[in-house]
Amino acid sequence: MKKVFRSSKVLLPEQAEPQSTAIVTDGDRIVSVGEDQGPDTGEIVDFGDQILAPGIIDLAVFAIDKPAFHFGGITRAALMPDQSPVLDLPAMVKHSATEGKPDLWLHPIAAGTKSLEGKELAEIALMKEAGARAVATGRKWISDSGIMLKLLKYCASLDMPVIVHSEDQGLAGDAVATDGETATRLGLASAPASAEALSIARDIALLRECGARLHFRQVTTANGLELIRAAKKEGLPVTCGITPAHLFLSDIAVSDFRTFARLSPPLRAEEDRQACLEAVADGTIDVISSGHDPRGPEDKRLPFAESSPGMAGAETLLALSLSLVRDERISLNRLFELLSTNPGRILGVSAGSIAEGQDADFISVDVDAAWQVDNRKMAAAAGNTPFDKLPVQGRVRAMYKGGSAL
Amino acid sequence: MTSKQQSSPHQFPDGSDAFPHRHLLGIAGLQPWEILFLLQEAGQWVDLNRKSSKHASRLEGLTVINAFFENSTRTLLSFEIAGKRMGADVVNMHAAHSSVKKGETLIDTAVTLNAMRADAIVIRHASSGAVSLIADKVDCPVLNAGDGSHEHPTQALLDALTIQRRKGDISGLTVTICGDIMHSRVARSNIYCLTTLGARVRVCAPPALLPAALDQMNVETFTDFNAALDGTDVVMMLRLQNERMSGDFIPSPREYHHLYGLTRDRLALAGEDALVMHPGPMNRGVEISSDVADDADRSAITEQVEMGVAVRMACLDVLTRRSRKVEGWS
C-alpha cells in the first residue's frame, strides 16, 4: 500500500539545504521522492515545516534498549559483541538480529576473535550468514599484530568491515583516565593519549598489507585524527567515528570521581576535544554514535577505578549532535550523514538516506524543542549520562520504521 | 570570610567558620587558615600526650569507627590512640574480617556503619575516591585515612605540624619530596598542604614514578635527586613499595638507592640544617640510609609519629564539634 509523506524541510542526500518535497512509500520501501507523486496515491501524512530526516543508525551500542532508542530517533542500531555471553557464535548473532523487530532493527556485530580475547579467529563467515553486518574487536585491542593481520585479511575476503577499538594495551594497562592534571590530582591510574595514535598507526600499517574496510569506532585525540586524515588522503578504506561525550566533555568531567564520566576510551584533554570538533567539521570523522551502555548503580556507584566504563547515550545523541549545527560547525544535512547515511553505508544496509529504493525509515525532528537531560527521568535502562542537568534542544516528534509509525 | 581574615592566615574566624567542613576528605580545597587552625588545635594535644596521664574527656560517650579496608598498622594505631585519649569509644573494623570479603558493596557497608550511629568514621581504602563515596552516604563526619593514590590528609597535617615546630613558619621554605610520587597519596596531600601554606615544593622521582602534568600543580619536578636537594630546607622521603622495586618501574633496589637513596653525602647537598622526614615504614638502605634516619639532629621521623596522634586528636575534636553542640559550632 502506498503512502505519501510531505514536509517543507526534507533532508535529501547531496542537498545542502532541506527541500520541500514528498516521499512516496510502498510497503516498507521508498519508491519515489519528488513533487510528482503520480496517480493512485494512498494515505497522505503532512509534517508541515517540521524537519524530516532519515532514521538514525547508531554505530554502535552495547545494549538493546528500545525505549531509549525510540526516544532518540534511532531506527537501527549495531550491537557490539561485548555482551554476556560474547557474540562469537552464529546462534547468538541470529538471536540478537531478530530481537528488536519489527520496530527496531538490530545489526549484530560479530566478535572477531573467540571471547574477544584476541587469540583465535571466531566463525566470521557463519556469523555473517546469521546476520552479522560487521566484525569488531570489542572494547579491546588485539595486541598480537599477527592475529590482527589474519583477522583483517579474513574479513577482507568475506567483505566484512572491521570495527576496532584504538588503545594500545601496553600503554593503557589498567588506566582509567588520560594522563593530565585531573588524573594526577585525583590519583587515578592514567595512560598517555598517545596510546590511541599508536594503535591506529599499527592498524593502518596492517591495512596496507591487505584490503579490509576498517572503521575506527572512536577516535578522540588530535594525533589519532591526523593519522586518519593521512590514511584517507592515501586512499585507504578507513572511516572513523566518535560519541558526543568526546566532542563536548574533556577530562575535567571526571573531577569528584564522577563515574558517569568514566568512558572507554577515557575523556581527553581540552586540546584533543577541540581537535575532534575540527575533525567533525572538516570531514575526517564519518560517524557520530551513542555508544549506548546503560549501567545501573551496581556498576557505577563504586570507587572510580572499580566502576564499569560506558554511558547511556541513545537519548541524548541527537540533541547533543544538533548543537554542532547550532554552533555552525556543520550543516543539518551533514549531521545526518554522520548519524544515518555513513553508518548505513558502513553496515551495507539499504537505509540511512531518504532516496528511492531505501527503507522507509525516517524521523521528524523539532530542532528547537528545549528539554533538560535528567538522569532520574531517562527512558534508558539506566540514567548514567555524564550530561545530567544539561539543557539541550531537539526532540524527535514522529518516527517511521519501514513506513509504519511507531 | 572578611578580607582581614584572608589577608592574614594566622588569624582564625570565629567558631565553625574556622573549619566549615563536615568531613576531612583531603587537603585540596582547604584554605590556608583552615589548615593552620587544625595545626594550632593539635598543639595542645602534643602537650597532653607528653604528660604521664594522657586523658581528655572531650569525646566521652562518642563512638568512633575506624573502618580500614586496606591493611594498616601505624595509621590505625595512631587513630585508635587518638580516639581513646579523647575519651571516645573506638571500634576498629578490618576489611579482612568483614562482609566486604563476602561481596557486600562499599555503599552497603557504608549504610551499615551509618546505621550503627557512629559519631565519626575514619576510613582507609585502596581505591582513589572511595572515601568520599562513603562520606556521601553517612550522617556523621568522615576522616580520610588514605584513599588509593588520592589523599592522606592527616599525614600531610602531621608533616606540616612537624615542620612548623622545627622550622617555624612554613611559608617560604623549600621542601623536596622524593620517591614514588605517582602512587603516593602522601605526596599529593603534602603537595596541596605545603603549596597552600606558601612553601616551594620540589618533587623528585625516577621518570616512571612521576605522574603527568605536575607542573600544573605548582611544584617543580626533578629526576636528578642531587639537583633537587640543592638548598632545600626539608627532605621528605617516600616509601618505595616492595612490589615496585624490581622490574617495570625501577631496575633494582640497589640502583634506586644509588640514584635516589638519601645518604649522608647527599644530605650535605641540602641546606645546612635541612630536616629529614619519612612517613614510614622505612626501607632502610633503599630510600634512606640508616645513619641519616637515626640522626636525631636531622631526622624528624619519630617526631612525625608523635605529631600524628596529636593531629588526629585535633581532627576528631574539630569535626565532632557540631554534633557535640560546642558553642559557635552550628
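**Entry 1: charges.** I place each charge at NZ of Lys, CZ of Arg, CG of Asp or CD of Glu. In chain B, the mean positions of the 33 positive and 39 negative charges are 4 Å apart.

**Entry 2: ground rules.** I am working on a predicted model, where local features need pLDDT of at least 70, side-chain atom pairs count only at pLDDT 80 or more, and totals for chains, interfaces and linings use all residues.

**Entry 3: chain B as a whole.** I looked up the radius of gyration, taken over C-alpha atoms, and the globule rule of 2.2 Å times the number of residues to the power 0.38. For 330 residues, a compact globule would have a radius near 20 Å, and chain B agrees with 20 Å. I read spans of about 55 × 50 × 45 Å for the C-alpha trace of chain B along its principal axes.

I take helices (H or I, at least four residues) and strands (E, at least two) as DSSP runs, numbered from the N terminus. I find 12 helices and nine strands in chain B.

**Entry 4: strand E5 of chain B.** How many residues of strand E5 are buried? I call a residue buried under 20% relative accessible area, exposed over 50%, and partly exposed in between, with a 1.4 Å probe and protein chains only. Five of the five residues of E5 (residues 174–178) are buried, so the strand is largely enclosed by the rest of the structure. Thr174(B), Thr176(B) and Cys178(B) point one way, and Val175(B) and Ile177(B) point the other way.

I count two strands as paired if DSSP finds at least two bridges between them. E5(B) runs parallel to strand E6 (residues 200–204) of chain B, joined by five bridges. Ile177(B) has Val203(B) as its bridge partner in E6(B).

Entry 5: Most residues other than glycine have a negative phi, and most peptide bonds are trans. I noted exceptions. Ala213(B) has a positive phi of about 60 degrees and is buried, at 18% relative accessible area. Asn218(B) has phi near 70 degrees but is exposed, at 58%.

The bond from Gly280(B) to Pro281(B) is cis, with omega near -10 degrees. In chain A, the bond from Ser264(A) to Pro265(A) is cis too, with omega near -5 degrees.

Terms used:
Residues numbered from 1 in each chain as written. Chains lettered and ligands numbered in written order. Heavy atoms only, no water. Lys, Arg positive; Asp, Glu negative; His and termini not counted.
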